[in-house]
Amino acid sequence: METKRLFFFSLGVTLLGVGAVGVVVPVLPTTPLVLASFFCFTKSSTRAERWISNNRYFGSYIENYRTKQGVPLDVKIKSIAFLWVTLILSCYIFQDRTYLPLLLSIIGIAVTFHIILLKTASNPDISDKQTFHY
């Protein structure tokens with residue numbers, strides 16, 4: 001594998017790994033990281049590109065991006081609920097840090113607005129095929 005392809009492949013794997021962590025850590029933006037890893041895979045490996053496009057967890061991110069269909073409303077609601085549950089839990093666990101509730105509140109509000117502003121999918125059947133996390 002030539003240097004350029006190896007660089008993009010390694011970067012793609014790293015971005016995808018951080019994006020996967022973002023599924024459960026609400027302050028990490030999963031979608032941009034998965035899309036960036038897809039871009040890196042398109043520059044490095046058709047096999048990796050095909051794998052991420054067909055992956056049951058990350059394929060929906062790529063499909064949403066390609067088709068510009070938007071995010072199903074129920075997924076938006078679940079994402080915002082999950083975000084706030086994990087932020088409140090984090091505040092409780094790290095309650096000895098006085099700055100944390102303010103910081104997490106600001107992050108939560110910003111991410112909530114970002115999710116709300118994402119295009120909402122008009123086709124209700126799309127949510128059956130998607131596992132769109134943010």
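Contact here means heavy atoms within 4.5 Å, and helices (H or I, at least four residues) are DSSP runs numbered from the N terminus. The model is predicted, so that local features need pLDDT of at least 70 and side-chain atom pairs count only at pLDDT 80 or more, while totals for chains, interfaces and linings use all residues. Residues are numbered from 1 along each chain as its sequence is written, and side-chain values use heavy atoms, with hydrogens and water left out.

In helix α2 (residues 30-44), V34, S37, F38, F41, T42 and S44 meet T46, A48, E49, I52 and S53 of α3. The contact of α2 with α3 comprises five nonpolar, five polar and one charged residues (Ala, Val, Leu, Ile, Met, Phe, Trp, Tyr, Cys and Pro count as nonpolar, Asp, Glu, Lys and Arg as charged, the others, Gly among them, as polar). The two axes, lines fitted to C-alpha atoms over the stretch in contact, with angles from 0 to 180 degrees between N-to-C directions, come within 6 Å and cross at roughly 150 degrees. Helix α2 is therefore roughly antiparallel to α3 (over 145 degrees).

Helix α3 (residues 46-54) also approaches helix α4 (residues 59-67), their axes coming within 5 Å and crossing at roughly 90 degrees. These helices are therefore roughly perpendicular (65 to 115 degrees). E49, I52 and S53 of α3 make this contact with G59, I62 and R66 of α4, a set of two nonpolar, two polar and two charged residues.

Turning to the cysteines, C40 counts as buried because its relative accessibility is 2%, and C91 counts as buried at 19% (buried means under 20% relative accessible area, with a 1.4 Å probe and protein chains only). The whole structure contains zero disulfides (pairs of cysteine sulfur atoms within 2.5 Å).

Definitions and conventions: Helix = DSSP H or I, 4+ residues; strand = E, 2+ residues; numbered from the N terminus. Parallel < 35°, antiparallel > 145°, perpendicular 65-115°, else oblique. Buried < 20%, exposed > 50% of the residue type's maximum accessible area, 1.4 Å probe, protein only.
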